[in-house]
Amino acid sequence: MGEDRSALASVWAVVLPLGWAAAVGCAHTPTVTPLVGDPARPPSEAQVTRAWEDASEVFARHDAAGAWDGEACRESLAAFEAIRTGDGAQDARAVYMSGLVAERCGNEDGARRLYERSVELDPELCEPRTALAARLMERGRSVEARAALEAAIARNARCAPAYLNLAVLQSEDPDQREAAIDSLRRALASRSDYLPALNQMALVYLAMSEARPELLDLAAVVCRQAQLVDDAYAPIYNTWALIDVARGDVTAAVAKLARARALDPSLFEAHMNFGQLTLSQRAYEDAARAFGEARALRPESYDAAVGLGVALRGLRRPDEAEASYRAALEIDAARAEAWFDLAVLYHEHRDGTVEQLRQAEAYLEEFVRRARGVGRPSQTLERTLEETLRWCHDPPARRRRVTCHRGRAQSLHDALVLHGAREDAERPAYTR
């Protein structure tokens, strides 16, 4: 079998670091001032403070454990639902926190209703408005989300989570990244230790460094600033690792990703990035563990399934690799990438029989068909398609003396010719 050059190229999507995707989730993490009581008997100040402290401790304990099962949900909801203001009315911040608990527990409709109720009780309250906007962002309704965030900021000019989420939206457009930096500065003016805003700022500078490389240093400075605020904040190490990759320092990047994974084993993006980098170093055992942990966190992730398959292929465990690729197809059969990896598997990691080579060619043809149908292919997909279809017209005897390198389609074609299963002149139609 030939050398498998596809391992790194077969991990397809550029992993979005935590700040891009998960800043939305972090943005409405509450900062609350507890108030509690019985509607019939207003509480004392000491009772108010103690009840809020107890409820906040319950929430923090379950959130840190990440175990939002039925008991955790009931205990947290009960703690916040009991909270009343000093005059015995519902407290808007406690209602917001109940919504946050409902969201953690998978009750999206209940969370939305509680957020809306919190806004009704206190129209100036920042967090529930931001949470409602975050839900719109998650559904791709960016225009509505932006309007909701701007409304939250108009109500409360110190609404740091709203500035953060607005910056996430702005940073998606290269022409608005300077505006995103301005939004993040406003968030940090309200809360100087707001780690998600620092993380997002580093990510925006990283994105801007593609045109202005000198901004990589500024991105690293922001990461260092966040580390000084809290050296146990896992997302910043994931972002810092991406900066190291941009600088070409893979060793430093791997070390930072290892720290991020140790600090927060639930950080999906760190597992994915660690898997990609260890694949590039052919450290297949490490990559397989990382992608396996990513799959455990998000079984619906197509890219985690493909990445795990590539690592297993490198470990010469073809049956398990095929199972992982087929799991990716079950997640999204329309995507092209897993079809390519199945072709590689049957071409280079099976027994080399005519039947298997024909199966590899069928998978490759399916890959080409689907890749050509993508409206805006990624650079990786476009490059892989181009390399797959490269065809050398020189006679086989001369190929050692020329610079043309056969694509995978031609390599499969020639292998079938050598087996007597195809006439040399018969070039597959899908390669033309």
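Trainee: Is alanine 65 buried or exposed?
Mentor: In this predicted model, alanine 65 is exposed, because its relative accessible area is 58% and the cut-off for exposed is over 50%.

Trainee: Which helix does alanine 65 lie in?
Mentor: Alanine 65 lies in helix H2, which covers residues 45–65.

Trainee: And how far is its C-alpha atom from that of serine 266?
Mentor: The two C-alpha atoms are 9.9 Å apart, although alanine 65 and serine 266 are separated by 201 residues along the chain.

Trainee: OK, zooming out. How many helices and strands are there in the protein chain?
Mentor: The chain has 21 helices and 0 strands. It has 432 residues, and 51% of them are buried.

Trainee: What share of the contacts join residues at least 24 apart?
Mentor: That share is 57%, counted among contacts between residues at least 6 apart in sequence.

Trainee: Is H4 mostly covered or mostly uncovered?
Mentor: Mostly covered, with 10 of its 13 residues buried. Among them are Tyr96, Met97, Leu100 and Val101.

Trainee: What goes on at the start of H4?
Mentor: There, aspartate 91 has a side-chain oxygen within 3.2 Å of the backbone nitrogen of arginine 93.

Trainee: And which residue follows H4?
Mentor: Glycine 106 follows H4, and its phi is positive, near 85°.

Trainee: Where do residues other than glycine have a positive phi, then? What about arginine 282?
Mentor: Most residues other than glycine have a negative phi. Arginine 282 has a positive phi, near 60°. You'll find it in the loop between helix H14 (268–280) and helix H15 (284–297).

Trainee: What is the phi of arginine 316?
Mentor: Arginine 316 also has a positive phi, about 60°, and it is not a glycine. This arginine is in the loop between H16 and helix H17 (318–331). Arginine 316 counts as exposed because its relative accessibility is 70%.

Trainee: What does the side chain of aspartate 303 make a polar contact with?
Mentor: With the side chain of arginine 335, at 3.0 Å.

Trainee: New topic, helix pairs. How do H5 and H6 cross?
Mentor: The axes of H5 (residues 108–121) and H6 (residues 126–138) come within 8 Å and cross at roughly 145°. The crossing is left-handed.

Trainee: Which residues meet there?
Mentor: From H5 they include Glu108, Arg112, Tyr115 and Val119, and from H6 they include Pro128, Leu132 and Arg135. By class, the contact of H5 with H6 has 6 nonpolar, 1 polar and 6 charged residues.

Trainee: Why would residues three or four places apart in a helix point the same way?
Mentor: Because an α-helix has 3.6 residues a turn.

Terms used: Residues are numbered from 1 along each chain as its sequence is written. This is a predicted model: local features need pLDDT of at least 70, side-chain atom pairs count only at pLDDT 80 or more; totals for chains, interfaces and linings use all residues. Side-chain values use heavy atoms; hydrogens and water are left out. Helices (H or I, at least four residues) and strands (E, at least two) are DSSP runs, numbered from the N terminus. Buried means under 20% relative accessible area, exposed over 50%, partly exposed in between (1.4 Å probe, protein chains only). Axes are lines fitted to C-alpha atoms, for helices over the stretch in contact, and angles run from 0 to 180 degrees between N-to-C directions. A crossing is left-handed if the near helix is turned anticlockwise from the far one by less than a right angle, and right-handed if clockwise. Contact means heavy atoms within 4.5 Å. Ala, Val, Leu, Ile, Met, Phe, Trp, Tyr, Cys and Pro count as nonpolar, Asp, Glu, Lys and Arg as charged, and the others, Gly among them, as polar. A polar contact is a pair of N or O atoms within 3.5 Å; within protein, one must be able to donate a hydrogen and the other to accept it, and residues adjacent in sequence count only if both atoms are side-chain atoms.
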